[in-house]
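Here is a short briefing to read alongside the model. Please keep the sequence and the 3D view open as you go.

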Amino acid sequence: MAAADERPVEIDKRDIPLSGGRTLRVTEFGNGSIRLAVRTGSPYVVTSLEQIDEGVVLKLSPGREGSNAHRNWVRDHGDGEEAGRAPMV
């Protein structure tokens, strides 16, 4: 077993082309973990992480200034009071 300060061994790396010249890089490690990296694009914000059936779904949204990521979260998870407010401009 690797010490806590050692990086796990990289097993495989795959690039998936996306629109707009972006690339999603998926890296698999020997300890079973994976890393997702979006290359050539705006910073991204994690907007949801869900356990569905026997898998996990991770949703990312562009996090550039003016992003709706925060407002979308409030709309989808608000208790009704926040969800009914007009969007901030």
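Two strands pair if DSSP finds at least two bridges between them. Helices (H or I, at least four residues) and strands (E, at least two) are DSSP runs, numbered from the N terminus. Residues are numbered from 1 along each chain as its sequence is written, and side-chain values use heavy atoms, with hydrogens and water left out.

**Confidence**

- Where pLDDT is low, the predicted coordinates should not be read in detail.

**The β2 and β3 hairpin**

- Strands β2 and β3 run antiparallel and are joined by 6 bridges.
- The hairpin has 4 residues between the strands, and G32 takes a positive phi near 95 degrees.

**Salt bridges**

- A salt bridge here is a side-chain nitrogen of Lys or Arg within 4 Å of a carboxyl oxygen of Asp or Glu, and by this rule the count comes to 3.
- K13 pairs with E10, with the closest N and O atoms 3.4 Å apart.
- For accessibility, buried means under 20% relative accessible area, exposed over 50%, and partly exposed in between (1.4 Å probe, protein chains only).
- K13 is partly exposed at 40%, and E10 is partly exposed with a relative accessible area of 40%.
- D12 forms a salt bridge with R14, the closest N and O atoms being 2.9 Å apart.
- D12 counts as partly exposed at 29% relative accessibility, whereas R14 is exposed at 56%.
- R25 and D15 meet through their side chains in a salt bridge of 2.7 Å, N to O.
- Because R25 lies in strand β2 (residues 23–29) and D15 in strand β1 (residues 10–17), this pair ties together parts that are 10 residues apart in sequence.
- D15 counts as partly exposed, at 43% relative accessibility.

**The nonpolar patch**

- Patches are made of residues with over 30% relative accessible area and no salt bridge, where like charges are joined within 9 Å and nonpolar side chains (Val, Leu, Ile, Met, Phe, Trp, Tyr) within 5 Å.
- I34, L36, V46, L49, V56, L58 and L60 make a nonpolar surface patch of about 640 Å²; accessible areas come from the Shrake-Rupley method with a 1.4 Å probe, and for residues only the protein chains shown count as cover.
- At least two residues of the nonpolar patch come from each of β3 (34–39), β4 (44–52) and β5, with β5 giving the largest share, 3 residues.
- I34 has its place in strand β3 and is exposed, with a relative accessible area of 57%.

**A closer look at L60**

- L60 is found in strand β5 (residues 55–62) and is partly exposed at 33% relative accessible area.
- Leaving aside neighbours within four places in sequence, L60 is in contact with V38, Y44, V45, V46 and T47.
- L60 and L49 are 11 residues apart along the chain, and their C-alpha atoms are separated by 9.1 Å.

Technical notes. Predicted model: local features only at pLDDT ≥ 70, side-chain atom pairs only at ≥ 80, totals over all residues. Contact = heavy atoms within 4.5 Å.
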